[in-house]
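Reader: Hey, I've just opened this one and I'm still finding my way around. Can we talk it through?

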Amino acid sequence: MKMTPSACPKCGAILDTVTVADPAADEVTPEPNDITICIYCSVYLVFNKDMSFHILTRRERNRLPLEVRKSLDLLEEIRRQRRSVYEN
Ligand SMILES: [Zn+2]
């Protein structure tokens, strides 16, 4: 879905679209504190109250449910492996 454009605080790319990670889920409107991933630099972002973003902090990450943290860890491992394939 389209959203108000906002810059990624890490890479500066303008993000104006979000997609639900779960293909079985209906389209949802993001809310403050929801997590997303920058499609350009892959950093984890959190929606602020004004729907701009900040980078997910270690403290916020540690407060996420274990299942969500495991999913984030798995995504990072996949990205690490892909990077090493392309860099070698
Ligand atoms: Zn980015």
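Reader: Which residue in S5 stands opposite Phe-47?
Author: That's Phe-53. Keep in mind that this is a predicted model.

Reader: How many residues sit between S4 and S5?
Author: There are 5, and the two strands form a hairpin. In that turn, Met-51 has a positive phi of about 70 degrees.

Reader: What about S3, how does that pair with S4?
Author: In the antiparallel sense, over 3 bridges. S3 covers residues 35-37 and S4 covers residues 44-47. Ile-35 stands opposite Val-46 in S4.

Reader: And what's between S3 and S4?
Author: 6 residues, in another hairpin. Ser-42 is in the turn there, with a positive phi of about 70 degrees.

Reader: So what order do the strands take in the sheet?
Author: S3-S4-S5, in an open sheet of 3 strands with antiparallel pairing. S3 and S5 are the edge strands, each pairing on one side only. From one strand to the next, the twist averages 40 degrees.

Reader: Switching topic: I clicked on His-54. Which strand is that in?
Author: His-54 lies in strand S5.

Reader: Is His-54 buried or exposed, and why?
Author: Exposed, because His-54 has 12 C-beta neighbours inside 10 Å, and a residue with 12 or fewer counts as exposed.

Reader: What is His-54 in contact with, leaving aside neighbours within four places in sequence?
Author: Pro-9, Leu-45, Val-46 and Asn-48.

Reader: How far apart are His-54 and Arg-82?
Author: 25 Å in space, C-alpha to C-alpha, and 28 residues in sequence.

Reader: Zooming out, how many helices and strands does the protein have?
Author: 2 helices and 5 strands. Along the sequence the pattern reads β-β-β-β-β-α-α.

Reader: What share of the residues is buried?
Author: Buried residues make up 5% of the 88 residues.

Reader: And what size box do the C-alpha atoms fill?
Author: Roughly 40 × 30 × 30 Å, taken along the principal axes.

Reader: Last one: among contacts between residues at least 6 apart in sequence, what share join residues at least 24 apart?
Author: That comes to 36%.

Notes:
Residues are numbered from 1 along each chain as its sequence is written. This is a predicted model: local features need pLDDT of at least 70, side-chain atom pairs count only at pLDDT 80 or more; totals for chains, interfaces and linings use all residues. Two strands pair if DSSP finds at least two bridges between them. Helices (H or I, at least four residues) and strands (E, at least two) are DSSP runs, numbered from the N terminus. A residue is buried if 20 or more other C-beta atoms lie within 10 Å of its own, exposed if 12 or fewer, and partly exposed in between; C-beta atoms are placed from the backbone. Two residues are in contact if their C-beta atoms, placed from the backbone, lie within 7 Å. Axes are lines fitted to C-alpha atoms, for helices over the stretch in contact, and angles run from 0 to 180 degrees between N-to-C directions.
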